[in-house]
Amino acid sequence: MGLNNRGKDSSEQKYPISFRSGDVSNGETGVIGYIPFPCVLEAGNIAAMGVGGTPDVLLTLQRFIVGTGVTIFNIGSTFQPSVYGTSGVLPSGVSLPAVGNTLLMLLPGDILGYQIGGGSTVGIWGMGGCFVVKPLQDIKVYLQGLA
């Protein structure tokens with residue numbers, strides 16, 4: 001008999017989506033990860049290396065809607081990433097909308113991403129982080145049935 005998600009310990013019911021980026025500057029967008037199954041975004045943290053100026057980061061979610069095209073949602077508001085060399089990572093993580101907010105509900109095929117702001121002289125020379133999602137289904141289907 002297979003082991004369903006609900007049979008696992010609560011810490012094993014969650015999945016990390018780790019990412020890293022190269023050099024980014026004002027106005028650039030990047031991908032954090034592809035969402036393979038229906039889930040809820042529960043937590044996240046980002047650390048920046050080699051920061052110039054005071055950059056802001058905005059989390060985004062891109063969703064393709066048939067008949068409409070790509071729609072982009074902002075998740076939460078802008079924040080300043082923690083500079084790893086002086087502060088490490090933020091113990092409280094990235095501020096996300098309140099639990100139960102529909103912006104935290106992710107669908108298969110969504111792209112979790114970010115956008116950098118803060119003016120023409122800002123830059124981050126390396127950024128990494130992790131976001132934790134919890135599947136909405138006990139028996140998961142990955143990539144809309146491909147796996």
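Good morning. I begin with a cysteine: Cys 130 counts as partly exposed, because its relative accessibility is 27%. The model before you is a predicted one, and this residue leads to a first point about it. The sulfur of Cys 130 lies 13 Å from the closest cysteine sulfur, that of Cys 39, which is too far for a bond. Across the structure there are zero disulfides, and Cys 39 is accordingly in no disulfide, with the sulfur of Cys 130 as its nearest cysteine sulfur. Cys 39 itself is buried, because its relative accessible area is 1%.

Let me now turn to the overall architecture. The chain contains one helix and 10 strands. In sequence order, the pattern reads β-β-β-β-β-β-β-α-β-β-β. Along the principal axes, the C-alpha atoms occupy a box of roughly 55 × 40 × 25 Å. For 147 residues, a compact globule would have a radius of gyration near 15 Å, and the chain, at 16 Å, agrees with that. Buried residues account for 39% of the 147 residues. If we take the contacts between residues at least 6 apart in sequence, 80% of them join residues at least 24 apart.

What lies inside? The largest nonpolar core comprises 27 residues, and Ile 46 and Leu 59 are the ones with the most contacts inside it. Two or more residues each come from strand E1 (15–25), strand E3 (39–48), strand E5 (56–65), strand E6 (69–79), strand E9 (111–117) and strand E10 (123–135). Which strand gives the largest share of this core? That is E3, with five residues.

Beyond its neighbours within four places in sequence, Ile 46 is in contact with a set of residues including Phe 19, Val 57, Leu 59, Phe 79, Val 94, Met 127 and Phe 131.

E5 and E9 pair in the antiparallel sense over seven bridges, and Leu 59 stands opposite Tyr 114 in E9. E5 also pairs with E6, again in the antiparallel sense, over eight bridges. The bridge partner of Leu 59 in E6 is Ile 75. E5 and E6 form a hairpin with three residues between them, and in the turn Gly 67 has a positive phi of about 85°.

How many aromatic pairs does a search of the whole structure find? It finds three. In one of them, Phe 19 and Tyr 114 form a tilted pair, 6.1 Å centre to centre with 35° between the planes. This pair links distant parts of the chain, since Phe 19 is in strand E1 and Tyr 114 in strand E9, 95 residues apart. Phe 19 also forms a tilted pair with Phe 131, at 6.3 Å centre to centre and 35° between the planes. Phe 19 lies in strand E1 and Phe 131 in strand E10, so this pair ties together parts that are 112 residues apart in sequence.

Phe 19 counts as buried because its relative accessibility is 9%, under the 20% cut-off. Phe 131 likewise counts as buried, because its relative accessibility is 0%.

Note on methods:
Residues numbered from 1 in each chain as written. Predicted model: local features only at pLDDT ≥ 70, side-chain atom pairs only at ≥ 80, totals over all residues. Heavy atoms only, no water. Core = buried A, V, L, I, M, F, W, Y, C linked by side-chain atoms within 4.5 Å. Buried < 20%, exposed > 50% of the residue type's maximum accessible area, 1.4 Å probe, protein only. Helix = DSSP H or I, 4+ residues; strand = E, 2+ residues; numbered from the N terminus. Contact = heavy atoms within 4.5 Å. Phe/Tyr/Trp six-rings, centres within 6.5 Å; stacked < 30°, edge-to-face > 60°. Pairing = 2+ DSSP bridges. Disulfide = S-S within 2.5 Å. Rg over C-alpha atoms; globule rule 2.2 N^0.38 Å.
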